[in-house]
Amino acid sequence: MGWGLTDPPQEEDGLALQEEAVPACKIEVPERLSVSYEALVRTGLSDRCVSVPPREASDAEILLVHSEEYLEGVKKTPHMTLEDLKEFTLQYGDVYFHPNIYHCAKLAAGSALQLVDSVMTGKVRNGMALVRPPGHHSMRSAASGFCVFNNVAIAARYAKQKHGAERVLIVDWDIHHGQGVQYCFEDDPSVLYFSWHRYERQKFWPNLRESDYDSVGKGSGAGFNVNVPWNEVGMENSDYLSVFCHVLLPVAYEFCPDLVLVCAGFDSAIGDPEGEMCATPDIFAHLTHLLMNLAGGKLCAVLEGGYNLTSLAQSVCQTVQTLLGDPLPQLANLRSPCESALESLQCVRSVQRRYWSILKHAADSATTDVSNKRIKLAKAEEEKAETAEDERSQEEKVWPEPAERLRPPVCSASVLPDDAACPDGLKRLVSSKDLGPLLVSRIRNRSMEDAGDADGVATFSRLYTLIEKMRTNEIGNGVALVPDVAAAVECVVQDLGSDLVSRVLVVCVGKEELNYATADGKMLVVQISGEDKEEQKGKYYIPVCLKKGCGDTVGFIQAVFGLLLPLGYEYDPGLVLLVRMPGSGVGDCMWQQLIGLLKGFAKGHTLVLMQTNDGACMGPTASALLGHPAPPLQELLTPLPDDGGALERMRERLQADWKMLQTTVSSGN
Ligand code: X5A
Ligand code: ZN
């Protein structure tokens, strides 16, 4: 993890008079950088980062995105008279030229490039550039919305040109539409631009028709522009996560980028005067985490907006701490996505399904009652907006400070047979807790194939120790090789885990006979297999059947993003038990991706159970548990025929019980 910081040199060369006269921005202020940086220092996060020195972008680099006339114009601003400066400023919308800004803007763009260099050459895994002025509104020949040079757009072109990146994903989670980025890459299939933004049916700045969901890109770039308009303020964590699970992540995985750039604006967080949204700063930990297994982990976040200094500093810390690999915060009490968000989601999926095979089976808005629904929603939104307006201005938003995210002393542990080698970096558990006569007799009563009684009891007492140490956060995660996985799962969920944690998410890859009850909600079982006969038994047992088996990457990815992740977020487990049944057919890359993604739940407490003779995949397992990014799923580039239709129908069925599975507005009125 590396980071860059550009702080504007506050030269005091007789500017006292100018200070008053130069049109100045009230919210895009230097303190944005100082409070963010001070928070990183105070929390000890900056000490854990490699610092990447800032530099100015060269003319040639700025010209990758901007016109010569525009660059020449900006170049003159440091020497302009006040009057000329004002006049220059007035050509553009919502931008303020200070005599220093040309220098700062060159540093901002150059720092983003320094970060791209460090990440693309492998000097650091990922990083964040703390820069200002922001960039995503600036266009080829125009400044806009506090932005002078388009830092991230320049970085994308630079990564392609200098580092040979073939596909670059830009994720713009700033609350404004980065129209400058959209215009830059509209007809370019090598750069996928995703943006969500406050839109309010074009009533919100920059009030552009082309910020709506139906701007999908042009020519060969069609499908490579993904806009998610928010038509109401007050969006929450569940709304953001829904869009990630049901739109961005499937598309991003199918795109298979070589580099991920984030337009990391934090005006999408609670308390921001521009965004007026309600997502909490810890959501950025999850948004970051969900992108960290793309592009082999190569991710550069570049600061854009964010104008509530408290919310900004907290959000920056959450992002950086996640890039450093610390355990994710638990997002408790997720509400269901709101109707307005669902409508946006439905519209985006419906227009993008033409371009992405992974969305092929999404509901088609044209054939449902969404247009009627749209009109009703628009009316409701308008009423809401009117009544909310003055209420909002009166009360200041308050929210609790994000909880501390403590790294366990031991990241990963293993429970292995004596003759099995322990992978590097994992701590082998040898000693174990005395289970007591009751547990021992319960374990003895289970039939343990291939294992003598004594061995069985020893293994399970170590597993018990492992789970207990995860509960107390002495150990982060772990893997166990057991002679009979099916029996081991049963034992863990029935006898061990339930004593220690209140909710266990059991993710089972491959076929397994369930011999335990799931009705009480103490565990949620999601089983992904090639078997077709299993029926859903109640709310807490969800069999997902991939007709072509777990080797079907498209199907598997659909199951993971469309079902497993939203279910996991809604269930909010205290422990994740990932079970690999022998002969499941899941590929190593997919397996590693799955572990990486599951680490977002239960503060990273994942226990992987595998069968002793299935030890060949120990390498990828250990690597993922230790937090190394998974290799990209290249096979998605030439998508195989899939069975997503069945999965879609299943998701629709489950929506009554699980609100995070919704992707359409509710039927009825
Ligand atoms: C980068 C950014 C906001 C511009 C708002 C203009 N710009 N009303 O957040
Ligand atoms: Zn913004």
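Reader: Which residue caps the N-terminal end of helix 11?
Author: This is a predicted model. In it, a side-chain oxygen lies 2.9 Å from the backbone nitrogen of Thr310. That oxygen caps the N-terminal end of helix 11, and it belongs to Asn308.

Reader: How far apart are the end C-alpha atoms of helix 11?
Author: Helix 11 covers residues 309-323, which makes 15 residues. At 1.5 Å a residue, the helix should span 21 Å. The model agrees, because the end C-alpha atoms are separated by 21 Å.

Reader: How many residues of helix 11 are buried?
Author: A residue counts as buried when its relative accessible area is under 20%. Helix 11 has 15 residues and is mostly covered. The buried count is 13.

Reader: Which residue just after helix 11 takes a positive phi?
Author: Look just past the end of helix 11. There, phi is positive, at about 95 degrees. The residue is Gly325.

Reader: Are helix 9 and helix 12 roughly parallel or roughly antiparallel?
Author: Helix 9 holds residues 237-255 and helix 12 holds residues 339-352. Their axes come within 10 Å and cross at roughly 15 degrees. Angles under 35 degrees count as roughly parallel. Helix 9 and helix 12 are therefore roughly parallel.

Reader: Which residues of helix 12 make the contact with helix 9?
Author: Helix 9 passes helix 12 in a right-handed crossing. From helix 9, the contact uses Asp239, Ser242, Val243, His246 and Val247. From helix 12 come Ala341, Leu345, Val348 and Arg349.

Reader: Is Leu113 buried or exposed?
Author: Leu113 sits in helix 6, residues 101-120. Leu113 touches Arg55, Ala57, Glu61, Ile154, Ala155 and Tyr158, leaving aside residues up to four places away in sequence. The relative accessible area of Leu113 is 0%, so this residue is buried.

Reader: How far apart in space are Leu113 and Gln314?
Author: Along the sequence, Leu113 and Gln314 are 201 residues apart. In space, the distance is taken from C-alpha to C-alpha. That distance is 25 Å.

Reader: Are helix 6 and helix 7 oblique or roughly parallel to each other?
Author: Helix 7 spans residues 151-163, and its axis comes within 9 Å of the axis of helix 6. The two axes cross at roughly 40 degrees. Roughly parallel would need an angle under 35 degrees. Helix 6 and helix 7 are therefore oblique.

Reader: Which residues of helix 7 meet helix 6?
Author: Helix 6 passes helix 7 in a right-handed crossing. Helix 6 brings Ala105, Ala108, Ala109, Ala112, Leu113, Val116, Asp117 and Met120. Helix 7 brings Asn151, Ile154, Ala155, Tyr158, Ala159, Lys162 and His163.

Reader: What is the relative accessible area of Thr606?
Author: Thr606 is found in strand 16, residues 606-611. Among the residues that Thr606 touches are Met470, Asn477, Val576 and Leu598. Thr606 is buried, with a relative accessible area of 0%.

Reader: Which side chain makes a polar contact with the side chain of Arg209?
Author: Arg209 lies in the loop between strand 5 and strand 6. Arg209 touches Tyr199, Gln202, Asp214 and Ser215, not counting residues up to four places away in sequence. One of these makes a polar contact at 2.6 Å through its side chain: Asp214.

Reader: What does Arg209 count as, given its relative accessibility?
Author: Buried residues are under 20% and exposed ones over 50%. Arg209 has 44% relative accessibility, so it counts as partly exposed.

Notes:
Residues numbered from 1 in each chain as written. Chains lettered and ligands numbered in written order. Predicted model: local features only at pLDDT ≥ 70, side-chain atom pairs only at ≥ 80, totals over all residues. Heavy atoms only, no water. Helix = DSSP H or I, 4+ residues; strand = E, 2+ residues; numbered from the N terminus. Expected span 1.5 Å × (residues − 1). Buried < 20%, exposed > 50% of the residue type's maximum accessible area, 1.4 Å probe, protein only. Polar contact = N/O pair within 3.5 Å; in protein donor to acceptor, adjacent residues only side chain to side chain. Axes fitted to C-alpha atoms, helices over the stretch in contact; angles between N-to-C directions. Parallel < 35°, antiparallel > 145°, perpendicular 65-115°, else oblique. Left-handed = near helix turned anticlockwise from the far one by under 90°. Contact = heavy atoms within 4.5 Å.
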